[in-house]
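Here is a short note for a colleague opening this entry for the first time. Please read the points with the model in view.

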Amino acid sequence: MGTPTQPGNGKIDVTPAVLYGVSTGVAGQQDPLDRGIKSFLDELARYPDGGGRGTAMKDFTSAYLKVAERFLEVWAKSLVSVGGAAVGFTSTANNYAAADAATHPSPTGQPTHRPNPHVIDKAPAYGPVTDFKWGDVDAGQDLMQEALEGLEAVVLAVMRPLLEHECRWGKAATILPLPHHLRLYSISQAWRMPQTTLGMVEGTLTGLVGSITDQTDQDWYNAMRTFCSTLWGTSAWGKNREGYDWANDDARKRGSSHPVFAVLFDTCDAMVDAIYNVAKAAEDVRDDLHRIYRQAVVDSIKQLDPRHLDVTDAKSLVKGLWHAGKGLVADVSVGIVLNIDEGALNDAVSAYENRVHRQATEIDALLPALD
């Protein structure tokens with residue numbers, strides 16, 4: 001099993017014993033892949049009800065689920081493939097030993113033969129993925145609390161239920177409740193977890209196969225490099241598709257292609273960005289609506305009784321509201337409607353929806369590479 005010697009490279013022997021060692025090491029990488037994706041799903045489960053209402057968020061959630069579920073399918077099949085590579089190295093070592101024994105028979109010794117390593121050979125069913133559906137908690141209520149911030153408790157008791165009703169005005173009614181942007185920021189960062197797992201596993205696998213491959217132009221090393229490159233999902237008939245090189249490596253090829261891990265890694269990158277951008281859009285529209293609603297509240301209160309109301313002085317404001325008496329609810333209700341800047345409200349909602357729709361398109365574009 002000795003290999004040709006290249007001047008300056010010394011002698012490298014790829015023996016059955018070496019291949020058995022590589023096989024054991026490769027098989028051992030299934031466990032971190034399995035544990036890593038399970039930890040990631042556990043982290044996502046900590047952030048339910050993060051989404052909001054509206055067609056834009058519905059489209060984004062639908063695209064997110066499609067990509068996330070396909071991502072998990074590819075991960076599961078990659079896990080099985082790593083086990084398949086480990087079995088392949090053991091089988092190759094056994095074949096080498098048998099061939100060597102047939103070429104140089106010994107009356108006293110039998111060729112080395114090891115059983116295949118124990119591996120996960122069926123794709124696990126990971127999931128389900130925690131999505132962005134919102135439950136009974138109305139995020140719009142928090143928005144109303146912010147709009148009334150700084151007012152006296154007695155004013156809040158009267159105004160908050162009123163504003164919660166009136167906030168469903170114009171286009172704003174189609175997106176309330178808004179997404180929980182803080183949860184979305186956390187979900188965005190959670191998509192970094194699979195990248196950490198991929199980086200560690202890829203580094204270990206690269207080191208393992210690096211011990212039996214070389215990037216010179218010798219026939220033996222060229223064959224070994226081609227053989228080992230299939231670990232990363234390449235094939236003899238592979239082409240450039242979706243921005244990734246799926247062809248086998250060889251001694252003449254600069255660098256190396258790890259397309260399956262690259263697709264998984266890049267999918268995580270895109271999901272991090274898309275979810276972050278949706279969270280930022282939700283935070284921005286929340287600020288816009290808060291400003292518009294608060295101004296409507298202030299303007300409508302001022303119009304109740306200018307002689308008694310001073311919104312800059314809490315005591316005067318409370319006194320004026322009490323002075324307004326039973327007509328308060330009806331008057332303020334009309335005032336809020338009349339004073340809401342509906343154009344600004346609709347512009348803010350449209351900008352938010354456009355931003356969310358763009359992110360749905362971005363992650364939809366990830367499916368071809370995953371397929």
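1. A residue counts as buried when its relative accessible area is under 20%. Trp232 has 5% relative accessibility, so Trp232 is buried. Keep in mind that this is a predicted model.

2. Trp232 has a partner. Phe261 is also buried, at 8% relative accessibility. The ring centres of Trp232 and Phe261 are 5.7 Å apart and the planes stand at 75°, so the pair is edge-to-face. The pair links distant parts of the chain, 29 residues apart. Trp232 sits in the loop between helix 8 (219-229) and strand 1, while Phe261 belongs to helix 9 (residues 259-302).

3. Now the overall picture. The protein chain has 13 helices and 2 strands. Of its 371 residues, 45% count as buried. Among contacts with a separation of 6 or more, 81% are between residues 24 or more positions apart. The accessible surface of the chain is about 18,500 Å², and carbon and sulfur atoms account for 52% of that.

4. How many aromatic pairs does the structure hold? The count is 8. One of them joins Phe60 and Tyr64, which are stacked, with 6.5 Å centre to centre and 25° between the planes. Both residues lie in helix 3, 4 residues apart, or about one turn of the helix. In an α-helix there are 3.6 residues a turn, so residues three or four places apart point the same way. Phe60 is buried at 1% relative accessibility, and Tyr64 is buried at 0%.

5. Phe60 and Tyr64 also belong to one aromatic cluster with Phe40, Phe71, Trp75 and Trp191.

6. Look next at helix 7 (residues 193-210). Its 18 residues should span 26 Å at 1.5 Å a residue, and the end C-alpha atoms are 26 Å apart, which agrees. Its buried residues include Leu198, Val201, Leu205 and Leu208. Seen down the axis, the buried residues of helix 7 fall within an arc of 150°, so they line one face of the helix.

7. Two backbone details deserve a look. Gly127 and Pro128 are joined by a cis peptide bond, with omega about 0°. Pro128 is in the loop between helix 3 (55-103) and helix 4 (139-147). Glu242 has a positive phi, near 55°, though it is not glycine. Glu242 lies in the loop between strand 1 (240-241) and strand 2 (244-245). Its relative accessible area is 44%, so Glu242 is partly exposed.

8. Last, the cysteines. The structure holds 0 disulfides. Cys228 is buried at 4% relative accessible area, and Cys268 is buried at 0%.

Key
Residues numbered from 1 in each chain as written. Predicted model: local features only at pLDDT ≥ 70, side-chain atom pairs only at ≥ 80, totals over all residues. Heavy atoms only, no water. Expected span 1.5 Å × (residues − 1). Buried < 20%, exposed > 50% of the residue type's maximum accessible area, 1.4 Å probe, protein only. Arc of directions from axis to C-beta. Contact = heavy atoms within 4.5 Å. Areas by Shrake-Rupley, 256 points an atom, 1.4 Å probe, with all protein chains shown as cover. Disulfide = S-S within 2.5 Å. Phe/Tyr/Trp six-rings, centres within 6.5 Å; stacked < 30°, edge-to-face > 60°.
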